[in-house]
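Dear colleague,

Please find the structure below.

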Amino acid sequence: MNEGAIETQQGKIICPREELDLGITLNGGQSFRWSAENNGYRGVFNGCVWTLVQNDTHLSYVVQGPLKDSINYNDILSQYFRLDVSLLELCKEWSAIDEHFQKSLDKTNGVRILKQEVVENVFSFICSSNNNIQRISTMVEKLCFLFGEKICSIEGRDYYNFPSIEALAKGSIEQKLKEEKFGYRSKYIAHTAKRLMELGGKEWLLGLHKDNNVSYNEAMEKLIILPGIGPKVADCICLMSLGHLEAVPVDTHIKQIAVTTYLVHLQQQKQISNQQVSNYLRNLWGPFAGWAQAVVFCAKINKPQSKIPPRKKSKRKSLCN
């Protein structure tokens, strides 16, 4: 598709800032394909390039790429941010059952769990192992450039879809990724793609969705058979792509908060496992526990900032690292 043939559509949806803070949500270590653009953010999802701008009452967008008349892009954007769920109501519930939760809300609000495409999520979080957001983003974009299909060019920059499992399962990919400095993740990416092809590809992953009457525990058990996917990454996939919003990924930040605030009665133990932390917080916060975890996580890692942060490298860990 050449730059002159780019299809464009504009729109806006009602979305109070209390329900969504773009900066915190898009820079919080969930997705790695967004960057600051003028007064908003630009990124790729659903096969298109989106530019988003927010004010106190609305979320405005420009979507570009191979657009389809049959698609309602307002709905696509609303689904991506899960705007059918009231964050304000969830925060009231969490504050009522957790005496410590308000401290996190005092530091941050508007954190939403993105509804992400499962294949991109799987391989992005394989890249997240022992990594920071800036480097994960670089790796993800490199995967798209090397193995994805071009969407369009905007203002001199090319944008690509995330590659399919089939593209990542090719025989030479492991060596290519090693040459591109993916390190030990090269093997995990290549072997997971091949294993997924054996299991049934994307359909196998989607079969683990909560809507298919698959339990959280069953989804976790099946995901961790994939190379490079342990409990923490599996929790991220369950939470962000498979509808298991009770999943609580435990990183060093969440574990520290849990041990010092929520699990004080276990501090005499020589070691508190991530599983203990996850189980406790899931039971405490309920069916949207993973979302509550994201609020607490962002409150800890985010310093007060302007609405649109400056372009600079981030050494922050991702939500699941």
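Strand 3 (40–45), helix 2 (73–80), helix 5 (118–127), helix 7 (165–168) and helix 10 (202–206) each give at least two residues to the lining of the second largest pocket. Helices (H or I, at least four residues) and strands (E, at least two) are DSSP runs, numbered from the N terminus. This is a predicted model, in which local features need pLDDT of at least 70, side-chain atom pairs count only at pLDDT 80 or more, and totals for chains, interfaces and linings use all residues. Residues are numbered from 1 along each chain as its sequence is written, and side-chain values use heavy atoms, with hydrogens and water left out.

The lining comprises 29 residues, and Asn-46, Gln-116, Glu-117, Val-118 and Lys-202 lie nearest the centre of the pocket. A pocket is an open set of points on a 1 Å grid over the protein atoms alone, where a 1.4 Å probe fits, with protein on both sides within 12 Å along at least five of seven lines; lining residues have an atom within 4 Å of a point.

Helix 5 also packs against helix 9 (residues 185–199), at an angle of about 155 degrees and with the axes 9 Å apart. Helix 5 is therefore roughly antiparallel to helix 9, a term for angles over 145 degrees. Axes are lines fitted to C-alpha atoms, for helices over the stretch in contact, and angles run from 0 to 180 degrees between N-to-C directions.

The axes of helix 11 (residues 216–223) and helix 12 (residues 231–241) come within 9 Å and cross at roughly 125 degrees.

Conventions:
Angles under 35 degrees count as roughly parallel, over 145 as roughly antiparallel, 65 to 115 as roughly perpendicular and the rest as oblique.
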